[in-house]
Amino acid sequence: MGLLKCIVYLAVTGIAVFIFGRLIPYDRICEEKPPFRSEPWEQDGRLYDKLGIRRWQGLLPDMSRILPWVMPAKSLGTVSEDSLRTMIKETCIAELCHDILGLTGLYCLILWPAPGGCLLTLLYCLTNVPFILVQRWNRPRLLRLARRTGVTAE
């Protein structure tokens, strides 16, 4: 019964967090301030290159491919001011959503207080980490491109 409760809970929170992310206005997101700015220890995203992120990031599911009519494409194609600004804001929103999902996943420990619940919670929280890392890797790269092309933040 605990497994079923957790599955339903994670599905509902996943949908709710997705909707929440779609409702966040871009002007409420500042990629240059915490928690989104790149910290010095991240070496402007180069730390993630050391983790081989370039090799595996394309293997992660991408909501813009799953729901293209809802999510902006994760490809710049031709670099325009609007598309670059959108991509930067979307990395912040995606990171925030995965942070929230990881935190809300901890509630499964209460729904299923057994070894299985601990394992499920651990796996669920850990599966959000790669998505967060990808956003923290991409954002500094997009910001460098924006500076090179003269795109200003909105």
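Modeller: The model is a predicted one. Helix H1 covers residues 2-23, and at 1.5 Å a residue its 22 residues should span 32 Å; the C-alpha atoms at its ends lie 31 Å apart, which agrees with that expectation. Within H1, the buried residues are Gly-2, Cys-6, Tyr-9, Leu-10, Thr-13, Val-17 and Gly-21. Viewed down the axis of H1, these buried residues fall within an arc of 100°, so they line one face of the helix. An α-helix has 3.6 residues a turn, so residues three or four places apart point the same way. On the other side of H1, Leu-4, Val-12, Ile-15 and Leu-23 are exposed.

The surroundings can be described next. The largest nonpolar core comprises 13 residues, and those with the most contacts inside it are Leu-10, Ile-29, Ile-93 and Cys-108. To this core, H1 and H5 each supply at least two residues.

H1 also takes part in an open feature. The largest pocket has a volume of about 990 Å³, and 33 residues line it, with Pro-61, Asp-62, Met-63, His-98 and Phe-131 nearest its centre. H1 is among the elements that give two or more residues to this lining, together with helix H4 (63-66), H5 and H7. The greatest contribution to the lining comes from H7, with nine residues.

Notes:
Residues numbered from 1 in each chain as written. Predicted model: local features only at pLDDT ≥ 70, side-chain atom pairs only at ≥ 80, totals over all residues. Heavy atoms only, no water. Helix = DSSP H or I, 4+ residues; strand = E, 2+ residues; numbered from the N terminus. Expected span 1.5 Å × (residues − 1). Buried < 20%, exposed > 50% of the residue type's maximum accessible area, 1.4 Å probe, protein only. Arc of directions from axis to C-beta. Core = buried A, V, L, I, M, F, W, Y, C linked by side-chain atoms within 4.5 Å. 1 Å grid on protein atoms, 1.4 Å probe; cavity = no way out; pocket = protein on both sides within 12 Å on 5 of 7 lines; lining within 4 Å. Points joined across faces, edges and corners; volume = space filled by probe spheres on them.
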